[in-house]
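Reader: Hi! Could you walk me through this structure? I'd like to start with the charged pairs.

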Amino acid sequence: MSSSSTGAKVSDHPISPGSTRVAWVGTGVMGQSMAGHLLAAGYALTVFNRTASKAQGLVSRGASLADSPRAAAAAADVIFLMVGFPSDVRSTALDPSTGALAGLAPGGVLVDMTTSDPTLAAEIAAAAAAAGCSAVDAPVSGGDRGARNAALSIFAGGDAAVVARLAPLFKLMGNALYMGGPGAGQRAKLGNQIAIASTMVGLVEGMVYAHKAGLDVAKWLEAISTGAAGSKSLELYGKRILERDMAAGFYVRHFVKDLGICLSECQAMGLSLPGLALAQQLYVSLIAHGEGGLGTQALILAIERLNNTSLDKKQ
């Protein structure tokens, strides 16, 4: 069945809590909140997570627990993936014995919300079409706060009719914009990560400068927040950095993965983005210090180490 005919078929069935079964694979920092919004809206939800205990919060609210992505997909019309790395996406979606596409009935839709490789997104879309299904790549931006508040930016790639049909589900998580065909959502998200990477470097460098200059860094952040230097990164992470709150809304190790995909894409394009490369190396240094499980705001630690200083008032 062709991609276009599959898109026409699934678009004939409007999505609603009363008629659409949903599944979710990956109930971590982001996935738990995002899936929770679907459950709260009345959708029948089946969940799978490799560590089953991380899905118990949703199960206690009425979700059903599956023992594999395939089993979750078999119980759903639309299945969402929110896992860690492209290798996880590949196995979760495409494994012939346990993968989601092996369980999804014809006419079903697989939505990968992981930040992953655009070429893998196109591969999954082709495999889905061959199975009489559809696949959409729909990575998100907004971090844990955006996930909790249903205020995520969602970058959607795939068949336009399928993305439009998914609107009632996407609206429960944030604002979805259609970016183009398979892989376009992933490329839009990679561009987003490139912009964030240098923004984070600028934010933490400015904070270290303000500290060494003898300024009250909290007042300095307040002062710049309403000017040209204001940013979503400052809004989300400025206070957390000052409070030495390095808990992950988005893991350093996952950001390093994203930036690595960006660099691979740039190499394939013959594109030189030195700011991206610098940010990636600084974040890699955090992993070398055993800090991959911290949030992206932990970049402050790398800049502090370079300058033998600390914004921590306790030191």
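Author: Happy to. A salt bridge here is a side-chain nitrogen of Lys or Arg within 4 Å of a carboxyl oxygen of Asp or Glu. The model is a predicted one, where local features need pLDDT of at least 70 and side-chain atom pairs count only at pLDDT 80 or more, while totals for chains, interfaces and linings use all residues. Residues are numbered from 1 along each chain as its sequence is written, and side-chain values use heavy atoms, with hydrogens and water left out.

Reader: Thanks! How many salt bridges does a search of the whole structure find?

Author: The search finds eleven salt bridges. One of them joins the side chains of Arg21 and Asp77, at 3.3 Å from N to O. Arg21 lies in strand β1 (residues 21-25) and Asp77 in the loop between α4 (69-74) and β4 (78-81), so this pair ties together parts that are 56 residues apart in sequence.

Reader: What counts as a helix or a strand?

Author: Both are DSSP runs, numbered from the N terminus: helices are H or I with at least four residues, and strands are E with at least two.

Reader: What does Asp144 pair with?

Author: Asp144 forms a salt bridge with Arg148, with 3.2 Å between the closest N and O atoms. Both residues lie in helix α8 (residues 143-148), four residues apart, which is about one turn of the helix. Asp144 is buried, with a relative accessible area of 11%, whereas Arg148 is partly exposed at 44%.

Reader: Why does a spacing of three or four places work in a helix?

Author: An α-helix has 3.6 residues a turn, so residues three or four places apart point the same way.

Reader: Nice. Which residue does Glu304 bridge to?

Author: Glu304 bridges to Arg244, and their closest N and O atoms are 2.8 Å apart. This pair links distant parts of the chain, 60 residues apart: Glu304 is in helix α16 (residues 299-307), and Arg244 is in the loop between α13 (232-242) and α14 (252-269). Glu304 is buried at 5% relative accessibility, while Arg244 is partly exposed at 24%. As for networks, salt bridges that share partners join Asp144, Arg148 and Arg240 into one.

Reader: Switching topic: which residues of α12 are buried?

Author: In helix α12 (residues 217-225), the buried residues are Val217, Leu221 and Ile224. Seen down the axis of α12, the buried residues fall within an arc of 75°, so they line one face of the helix. That arc is taken from the directions from the helix axis to the C-beta atoms. On the other side of α12, Lys219, Glu222 and Ala223 are exposed.

Reader: What do the buried residues of α12 pack against?

Author: They pack against α11 (184-212) and α13, where a contact means heavy atoms within 4.5 Å.

Reader: And what happens at the start of α12?

Author: There, a side-chain oxygen of Asp216 comes to within 3.0 Å of the backbone nitrogen of Ala218.

Reader: Let's zoom out. How many helices and strands does the chain have?

Author: The chain has 16 helices and nine strands. Its radius of gyration is 20 Å, close to the 20 Å that the globule rule gives for 315 residues, so the chain is as compact as a globular protein of that length. The radius is taken over C-alpha atoms, and the rule is 2.2 Å times the number of residues to the power 0.38. Of the 315 residues, 51% count as buried.

Reader: What does UniProt list for residues 183-300?

Author: An unreviewed UniProt entry lists them as "domain: 3-hydroxyisobutyrate dehydrogenase-like NAD-binding". UniProt positions are given in the numbering used here, feature names are shortened, and annotations may be inferred rather than shown by experiment. In the model, residues 183-300 are 71% helix and 0% strand, and the end C-alpha atoms of the span lie 32 Å apart.

Definitions and conventions
Buried < 20%, exposed > 50% of the residue type's maximum accessible area, 1.4 Å probe, protein only. Polar contact = N/O pair within 3.5 Å; in protein donor to acceptor, adjacent residues only side chain to side chain.
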